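Reader: I'm new to reading protein models. Could you walk me through one, starting with contacts?

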Amino acid sequence: MRALLVTSVGVTCAAALILPLATPALAAPPPHTVSAGPPSLSPESPGAGPPAVRTAGLPAADSAGSTQSLPLEPLAAPSDRVAGAGAAAGQGLERRTARPFSLVGVVWDDAKAELHGTVQVRTRAAGSADWSDWQDVETHNAEHAADLGSDERSSGGVRGATAPLWVGDSDGVEVRVRPEPAGPRGRSATAPLPEGMRLELVDPGPDPATEPGPETAPEPARAAPAGRSAAAAAFAVNPAPPTTPVVLPEVLTAESEAASAVNAELAPLGATFIPALTKAQTEEAATIAAGAKPYIGPRPGIITRKGWGADERLRERQFAYTKTVKAAFVHHSATGNNYTCKQAPSVLRSIYRYHVQSSGWRDFGYNFAVDKCGNIYEGRAGGVTKAVLGAHTLGFNTNTMGIAVLGSYSSTNPPAAAVTAVSKLTAWKLGLFGRNPKGKVTLTSGGSNKYKAGAKVRMNVISGHRDGFATECPGARLYKKLGTARTTSAKLQGR
């Protein structure tokens, strides 16, 4: 495998930015640190109100967020199953109080082990006695990972994991994991559950404070029309990002400075937002392959990692790059649709912490994220114009980029604003590398459950995750919109 280009950046002035290139091995991801242990969590009886949270022995929550990691325990056999029929009881946790959290997931020791079964959780809204219904957690997540044999995958710190689920501000939880019974997929016996399963409760921490500056006021919330739910109304609310970069006044840490410096040609050091450009401005600023006609869409506004509050201390310090960007893979985050666009930065911080601390990845897995209001966010660190190596499409991370639309779109239509944002982002980023959004490209598989390692695969330049891996991602409803995204993206490029 070709060595990766890895860069470690430290600068004192954005104007004097120098990016030395080297090829050292990637360091192992941060250890699986947690900020709470199970002895301080109290089981509850069904129907009971919220007990007082036990704080004795609990470390204080990190102001930048925290993760509670709770080992799962054997569960009693389900009462609706006949004893002796080969049904296993499973593992989980009974109702209990926890320190506040907003996102949940289940991880286990061996990244190669698959969880053949179901994972369900229910949570209690913080400060209340209200428990949610049981919610399904998507057990597939192996396809969102670094390629087999890569430095990131072979670091020794990567764990198996479900998809994360956003549950909102909560302080109580119950979880049950049931193994898949004999019969499905030709199995003659119940599939064993992975060893070392733990429930991860992620607190994203508070939103970053920004210095008041010239910003576009958020669009006011509109009342839902008759017969329309409040959840549906949330799709109409789009808190617009600032129209010019907002620079935070505090002194940047070395990690934050490095993550910002790689975008120094686009926005000042410490900026929370990279402003949009017109098509003419974009063509003038872009570096296009020699002799190529500048088919490139206008640069969209992008909220930086600083803007959504990424804690740069969590990620691997170095940045990993590939040679080019040949294609874009579109995903859904599978975190559910119960978030508002104002909460999107919190969702991102939660996924980031889950990817790095819970799953053992070197950084946020996707190169970009898009919320349901169409806001675009910088994902994995390394520079939004660069060919940053992600961990989004197992087998096809090299020379591609991954875009995650926040939400679950298997049975829910993606908002038009989100699809449009994907079109704008791909028109610009693919244009930087001379790619036609309506074209085809040949990619070499690094190994997946759909294509063996080394296979040459012809794909759309804008593909869905399922095109490279046997998965439901990006959800049937979002996948159906990719044709629209390709056409719109190409038009934005002037094709």
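Author: Contact here means heavy atoms within 4.5 Å. Leaving aside neighbours within four places in sequence, Phe 368 is in contact with residues including Ile 302, Val 384, Ile 403 and Leu 425. Keep in mind that this is a predicted model: local features need pLDDT of at least 70, side-chain atom pairs count only at pLDDT 80 or more, and totals for chains, interfaces and linings use all residues. Residues are numbered from 1 along each chain as its sequence is written, and side-chain values use heavy atoms, with hydrogens and water left out.

Reader: Which residues have the most contacts inside the largest nonpolar core?

Author: A nonpolar core is a set of buried Ala, Val, Leu, Ile, Met, Phe, Trp, Tyr and Cys residues joined through side-chain atoms within 4.5 Å. Buried means under 20% relative accessible area (1.4 Å probe, protein chains only). In the largest core, with its 40 residues, Phe 368 and Ile 403 have the most contacts. Helix 6 gives the largest share, eight residues. Helices are DSSP runs (H or I, at least four residues), numbered from the N terminus.

Reader: And which residues of helix 8 are buried?

Author: They're Leu 482, Ala 485, Arg 486, Ser 489, Ala 490 and Gln 493. Seen down the axis of helix 8, these buried residues fall within an arc of 125°, so they line one face. That arc is taken from the directions from the helix axis to the C-beta atoms. Among the elements they pack against are helix 3 (279-285) and helix 7 (476-479).

Reader: What comes just after helix 8?

Author: Gly 494, which takes a positive phi of about 90°.

How values were computed:
Buried < 20%, exposed > 50% of the residue type's maximum accessible area, 1.4 Å probe, protein only. Helix = DSSP H or I, 4+ residues; strand = E, 2+ residues; numbered from the N terminus.
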